[in-house]
Amino acid sequence: MSVGAILLAAGSARRMGADKLTADLGGRPLALHAFEALLAAGFDRPIVAVAPGSAVAALFADRARLVLVENHALGMGHSLAAAVAAVPGDWTAAVIGLADMPFVRPATLRALAAASAPDAIVRPVFDGTPGNPVAWGRDHFPALAALSGDKGGRDILARSPPTPLACDDPGVVIDVDTPEALAAARARFL
């Protein structure tokens, strides 16, 4: 079984008002935290969805398979569809994460990969709250590849409830979408 990883880094940062993924967080760009957690978890050359011309693409250089999402401004559904379309044929599942979630631990990513199966969706749960990233089995790739607009996988999760994976990792419920969330994330490094 081969489980890969996808990182979504093509968002427009509307709530942040600036390119949050290159913002400094603990001495590194925000997006590198999520990406390097994937590498530390053992994922080889994750697929990273980026906007064409985005400065964030250079952060991943030769360590990722970049997917340029031409219509990224239309929403996360387009990014998910483009990234899933680039998945190699031998992946049985993909752990799909968000570049604005800098505190997910590599151990959590490994646990998601270990719990994955071609017909399963596995979602981490911290203190009763479902989080991200989510491990999507290959059987669900066609539905993900058909997404568009501003919807992520929520509708698919409603139709196919995920298997919860209880974890002690608060990083699965911490994202950095606003200036206030960035300030709170920076405070964790003080």
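1. Leaving aside its neighbours within four places in sequence, which residues is Ser 79 in contact with? Before the reply, please keep in mind that this is a predicted model. Once the neighbours within four places in sequence are left aside, the contacts of Ser 79 are with Leu 8, Ala 10, Ala 49, Val 69 and His 72. Ser 79 has its place in helix H3, which covers residues 76–85, and because its relative accessibility is 5%, below the 20% limit, Ser 79 counts as buried.

2. Seven of the ten residues of H3 are buried, so that the helix is described as mostly covered. The buried residues are Gly 77, His 78, Ser 79, Leu 80, Ala 81, Ala 83 and Val 84.

3. On the H1 side the contact is made by Ala 37, Leu 38 and Ala 40, while H4 contributes Pro 106, Leu 109 and Arg 110.

4. How many aromatic pairs are there? The count comes to two aromatic pairs. One of them is formed by Phe 35 and Phe 60, whose rings lie 4.7 Å apart, centre to centre, with 55 degrees between the planes, and this pair is tilted. The pair links distant parts of the chain, since Phe 35 belongs to helix H1 (residues 30–40) and Phe 60 to helix H2 (residues 57–60), 25 residues apart. Phe 35 counts as buried because its relative accessibility is 0%, and Phe 60 is likewise buried, with a relative accessible area of 0%.

5. The rings of Phe 103 and Phe 189 have centres 6.0 Å apart and planes at 35 degrees, and therefore this pair is tilted. Here too the pair links distant parts of the chain: Phe 103 is in the loop between strand S6 (91–98) and helix H4 (106–115), whereas Phe 189 is in the segment after helix H7 (179–187), 86 residues apart. Is Phe 103 buried or exposed? With a relative accessible area of 16%, Phe 103 is buried, whereas Phe 189, at 40% relative accessibility, counts as partly exposed. The face of the Phe 103 ring also has Arg 188 lying over it, at 4.4 Å from the ring centre.

6. Arg 63 deserves a look of its own. Arg 63 is placed in the loop between H2 and S5, and because its relative accessibility is 32%, it counts as partly exposed. Not counting residues up to four places away in sequence, Arg 63 touches Leu 32, Phe 35, Glu 36, Leu 39, Arg 45 and Pro 46. Among these is Phe 35, the residue that forms a tilted aromatic pair with Phe 60. Arg 63 and Asp 168, by contrast, are separated by 105 residues in sequence and by 28 Å in space, C-alpha to C-alpha.

7. Arg 45, a residue other than glycine, has a positive phi near 45 degrees. Arg 45 sits in the loop between H1 and S4, and since its relative accessibility is 35%, it counts as partly exposed. Ala 61, which is not a glycine either, has a positive phi of about 35 degrees. The place of Ala 61 is in the loop between H2 and S5, and Ala 61 is partly exposed, its relative accessible area being 44%.

8. Where is Pro 133 found? Pro 133 is in the loop between strand S8 (129–130) and strand S9 (134–137). The peptide bond that joins Asn 132 and Pro 133 is cis, with omega at about 0 degrees.

Note on methods: Residues numbered from 1 in each chain as written. Predicted model: local features only at pLDDT ≥ 70, side-chain atom pairs only at ≥ 80, totals over all residues. Heavy atoms only, no water. Phe/Tyr/Trp six-rings, centres within 6.5 Å; stacked < 30°, edge-to-face > 60°. Helix = DSSP H or I, 4+ residues; strand = E, 2+ residues; numbered from the N terminus. Buried < 20%, exposed > 50% of the residue type's maximum accessible area, 1.4 Å probe, protein only. Lys NZ or Arg CZ within 6 Å of the ring centre and 35° of its normal. Contact = heavy atoms within 4.5 Å.
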